[in-house]
Amino acid sequence: MSTELASQSDVRSTESPIRIAKLGSVIGAVIEGVRLGGELSDDALSRVRAALLEHKVIFFRHQDHLDDAGQYEFAERLGVPTAPHPTLRGDGQAVLPINSEEGKANSWHTDVTFIDRVPAISILRAITLPEYGGSTTWANTVAAYQGLHPALKALADRLWAVHSNVNDYVATRDEVRIGGVDVKQEAHSREFVSTAYETEHPVVRVHPETGERSLLLGNFTRRLVGLSKQDSAAIVELLQRHVTRLENTVRWNWQPGDVAVWDNRATQHYGIADYDDQRRLLHRITLAGTVPVSVDGVTSTPRTGDASHFSELA
């Protein structure tokens, strides 16, 4: 990881000025002087990746030139794009529309943790934004782990959790009144769970690039292995509360042309549903990741479902 980025807020490239401004002490930075796309220089790409590993989520304004193809070309520079989603069809080769008409992902989650090969990086581009509301908040799961009392770290290090896509995270309730079903959201929910996945992950994973330990939880977590339902729920709630402490988060108010890139191995995020019935549409591309590894070197284990069609292992 670059120490230069940690100590300087104004980094100069031989090709163009790149400025990195932190948004908070533990998460988030805005990068200026970068035109995203397939023609991004190797030097700029290296600085972007270093900033991502350090700040966990990075933001780019004024990327209006990007379309789906340009977003995909940039994604290919960062890694290997996955299919849009393990169960959702998406739109095109790798793009998953995040469409408020099909549901609102207003719960804390790390993307696609219900499979073994959790994506490494996500790239989200604003398409259609509401006149108000619709911001997204990210939390640093590395800082959450580092802030735990040593006794809680010791406990978390030994825990394993079952993650599943059953119980769709965009659904806000289990039942609706007869005749009151939203057709688009109902169809999306059925597609989301069309193939059931269940995977055992360590509650604490070791980041494959930085070596940092982070809490692997979020709304796809169903229970802790070997614990009673009551104890499992209490411990998950305790650890999740550390993840989402306000001091551990950054909130981004979207503007046209914005792109957010986050390290899915070190964050959770939450799309805030405070925009009434206005439309909100963003396009997401994810990059292939590795199977999480626990602090004692044990890899995650799929219980149900084969996600090999979603991505190769990075």
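Is Trp262 buried or exposed, and what is its relative accessible area? Trp262 is buried, at 0%. Buried here means under 20% relative accessible area, exposed means over 50%, and partly exposed lies in between (1.4 Å probe, protein chains only).

## Basis of the model

This is a predicted model: local features need pLDDT of at least 70, side-chain atom pairs count only at pLDDT 80 or more, and totals for chains, interfaces and linings use all residues. Residues are numbered from 1 along each chain as its sequence is written, and side-chain values use heavy atoms, with hydrogens and water left out.

## Aromatic pairs

The structure holds six aromatic pairs. Rings of Phe, Tyr and Trp (its six-membered ring) pair if their centres lie within 6.5 Å; planes under 30 degrees apart are stacked, over 60 edge-to-face, and the rest tilted. One of the pairs is Phe59 with Trp252, stacked at 4.0 Å centre to centre with 5° between the planes. Phe59 lies in strand E4 and Trp252 in strand E13 (residues 249–252), so the pair ties together parts 193 residues apart in sequence. Strands (E, at least two residues) and helices (H or I, at least four) are DSSP runs, numbered from the N terminus. Both Phe59 and Trp252 are buried.

Trp138 and Trp262 form a tilted pair, 5.4 Å centre to centre and 55° between the planes. Trp138 sits in strand E7 (residues 136–140) and Trp262 in strand E14, 124 residues apart. Trp138 is buried, with a relative accessible area of 0%. Phe59, Trp138, Trp252 and Trp262 form one aromatic cluster.

## Nonpolar cores

A nonpolar core is a set of buried Ala, Val, Leu, Ile, Met, Phe, Trp, Tyr and Cys residues joined through side-chain atoms within 4.5 Å. The largest has 28 residues, and Ile58, Phe60 and Val261 touch the most other members. Elements that give two or more residues include strand E4 (57–60), helix H3 (68–78), strand E6 (121–128) and strand E14 (259–263). H2 gives the most, with five residues.

Phe60 has contacts (heavy atoms within 4.5 Å) beyond its neighbours within four places in sequence. They are Ile31, Val34, Leu36, Val48, Gly257, Asp258, Val259 and Val261. Apart from this core lies another, of 17 residues, with Trp108, Leu159, Ile235 and Leu239 among them.

In H3, Gly70, Gln71, Tyr72, Phe74, Ala75 and Leu78 are buried. The buried residues of H3 pack against H2, E6, E14 and E16. Asp67 caps the N-terminal end of the helix: a side-chain oxygen lies 3.2 Å from the backbone nitrogen of Ala69.

Two non-glycine residues have positive phi. Lys56, in the loop between H2 and E4, has phi near 75°. His62, in the loop between E4 and H3, has phi near 60°. Lys56 counts as buried at 3% relative accessibility, whereas His62 is exposed at 63%.

## Asn248

Asn248 lies in the loop between helix H7 (229–243) and E13. Asn248 is buried, with a relative accessible area of 4%. Its side chain reaches the backbone oxygen of Val243 at 2.7 Å.

Leaving aside neighbours within four places in sequence, Asn248 is in contact with Val26, Ile27, Trp138, Ala139, Asn140, Ala143, Ala144, His242 and Val243. Among these, Trp138 also belongs to the aromatic cluster with Phe59, Trp252 and Trp262.

Notes. Polar contact = N/O pair within 3.5 Å; in protein donor to acceptor, adjacent residues only side chain to side chain.
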